[in-house]
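Student: Please give me a close look at one part of this model. I want to follow it piece by piece.

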Amino acid sequence: MIAADSFNGVAMLTLIKREMVRSLKIINQVIWPPIITTVLYVTIFGLALGSRIKSMQGVSYAEFLIPGLIMLQVIDSSYAECSSSVFQGRFMNSIQELLIAPMSAAEMVFGYIFGSVARALLIANLIMALGYFFVHTLPKDWGLYFGAMIAVSMLFSALGIIFGLLAEKFDHLAVLTTFAITPLVFVGGVFTSASQLPPQIRNWELANPMFYTVDAFRHSYTGQSYLPLWLSLSVICGLMLIALGTALRMAYVGYKLRT
Amino acid sequence: MPAIELSSIVKRYGKFTAVDDISLRVQGGDFFGFLGPNGAGKTTTINAIVGLARLSAGSIQIFGHDTVRDWRAARRLIGLAPQEYNFDRYLSIRDILIYQAGYFGLKPKEVGERADMLLDRFGIASKAKQDYMKLSGGMKRRLTLARALIHSPKLLILDEPTAGVDVELRLELWDLLRELNRGGMTIFLTTHYLEEAEVLCRNVGIIRAGKLVALEPTQELLEREGKRLQDVFLELTRS
């Protein structure tokens with residue numbers, strides 16, 4: 001049986017599997033560090049210092065922290081997976097295995113993205129299990145838990161592809177993480193509630209896309225959010241579609257892939 | 001039906017023209033040598049055939065399938081053994097073949113036996129579970145060929161397949177390529193070893209500065225000129 005003329009699903013599944021194999025081959029680099037970091041955050045901020053903080057959004061500080069930490073790692077892992085995999089493929093020329101195959105730009109982009117979402121889901125669910133073990137908290141709305149997580153992971157995976165294509169050296173991949181993702185996630189409501197910030201800073205938060213991702217995702221745990229849920233989900237989906245469209249366009253024209 | 005039909009293909013990089021109005025036909029079942037000095041446009045032509053380079057003008061057909069309009073059908077028929085080793089470093093040697101077949105739409109259970117057969121035929125079956133970086137240069141070259149053949153292509157494109165391999169392996173690879181060609185596979189070969197083209201190729205094309213300067217059966221070219229291919233090559237490609 002050979003690839004169909006209109007859709008080569010086997011190729012896309014092969015790429016998803018390849019991305020998962022890659023993650024498991026470098027498990028000490030990509031799976032355990034976010035888990036250990038999260039355990040440290042929960043232990044130090046949630047359990048040790050958190051006992052001095054009164055409840056946030058109607059739950060203990062440790063319970064408030066867990067969904068924020070999951071989102072932090074989903075964002076970080078999704079971007080890192082796609083950006084490094086695409087750039088490494090270009091750097092080593094192994095991406096040519098895909099480019100000479102009867103595989104469309106969409107099959108390639110979604111193969112990378114779904115492989116990255118699978119890694120993010122694995123990390124998120126391990127942290128979710130840790131949250132249950134240490135803090136006895138679980139999502140209340142599983143649909144929102146998975147829906148928001150997948151949408152955010154797709155958004156940052158698509159950004160990873162874009163930067164994996166733009167980068168000229170490994171150092172360039174860190175630019176977005178160092179100067180945008182990490183600072184914006186940290187001030188985007190992972191550790192604090194927007195309602196506790198001074199009003200002038202609170203308004204700035206509305207310009208921070210990470211704030212919408214954390215706020216919507218936390219709703220799946222606490223049933224509450226600072227912004228209306230529809231607004232946060234609309235922002236996430238809108239940004240995801242823009243990033244996805246850009247990644248698809250770049251792959252279609254063969255940007256830095258085909259000469 | 002021609003296996004490859006290049007119709008007035010042009011590839012420009014800015015103001016530089018790497019391939020300049022080349023037209024040629026390689027018949028199905030042929031063993032074709034595409035020769036030229038470094039930087040003549042051989043690899044660019046190959047890249048255009050396999051879809052790694054977009055044409056500035058002209059068109060390419062593979063067994064009647066246009067590489068732009070009917071790209072899936074065209075690519076399915078081509079196996080490429082590139083000059084560089086560009087294997088996936090996260091996969092074992094056997095998985096390199098299985099995953100490559102997957103990108104061509106073939107499920108692992110459909111190609112498992114063929115992968116084992118190819119590894120065996122190329123003498124690397126004992127290394128199947130190893131990382132490719134542990135292979136010697138000659139073994140990597142064999143793996144490149146095995147990967148190009150995993151999806152049973154009708155056209156095999158080889159970019160300097162014997163570069164950097166010892167004489168023994170080169171002769172072994174020649175036998176293998178002859179065997180594949182006898183089985184009906186069309187072979188498009190670029191090489192710097194002109195005796196290789198002289199021995200293997202029924203037809204040759206010589207390219208210089210992006211332009212095709214000779215295209216004819218190897219024997220006719222040699223008989224007409226009364227020289228070895230190396231002398232004809234030097235005469236045609238020297239500026």
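In what order do the four strands of the open sheet in chain B lie, and is their pairing parallel or antiparallel?

Tutor: The order is 2-1-4-5, and the pairing is antiparallel. Keep in mind that this is a predicted model: local features need pLDDT of at least 70, side-chain atom pairs count only at pLDDT 80 or more, and totals for chains, interfaces and linings use all residues. Residues are numbered from 1 along each chain as its sequence is written, while chains are lettered from A and ligands numbered from 1 in the order in which they are written.

Some terms come next. Strands are DSSP runs (E, at least two residues), helices are runs of H or I with at least four residues, and both are numbered from the N terminus. Two strands pair if DSSP finds at least two bridges between them. In general, strands of a sheet pair through backbone hydrogen bonds, either parallel or antiparallel.

Strand 2 (16-27) and strand 5 (65-66) of chain B each pair on one side only. Strand 5 of chain B pairs with strand 4 (residues 57-62) of chain B over two bridges, in the antiparallel sense. One detail there: B:Gln61 has B:Asp66 of strand 5 as its bridge partner.

Next, look at the loop between strand 4 and strand 5 of chain B. B:Phe63 sits in that loop. Its phi is near 45 degrees, a positive value in a residue other than glycine. Most residues other than glycine have a negative phi. Is B:Phe63 buried, exposed or partly exposed? B:Phe63 counts as partly exposed because it has 18 C-beta neighbours inside 10 Å. The cut-offs are 20 or more other C-beta atoms within 10 Å for buried and 12 or fewer for exposed, with partly exposed in between; C-beta atoms are placed from the backbone.

Helix 1 (residues 42-50) of chain B lies across strand 1 (2-13), strand 2 and strand 4 of chain B. Helix 1 of chain B runs at about 65 degrees to strand 2 of chain B. Such angles run from 0 to 180 degrees between N-to-C directions, with axes fitted to C-alpha atoms, for helices over the stretch in contact. Contact means that C-beta atoms, placed from the backbone, lie within 7 Å.

Finally, step back to the whole of chain B. It has 27 residues in contact with 26 residues of chain A. On the chain A side, helix 1 (9-25) and helix 5 (96-99) of chain A each give two or more residues. Helix 1 of chain A gives the largest share, seven residues.

Definitions and conventions. Contact = placed C-beta atoms within 7 Å.
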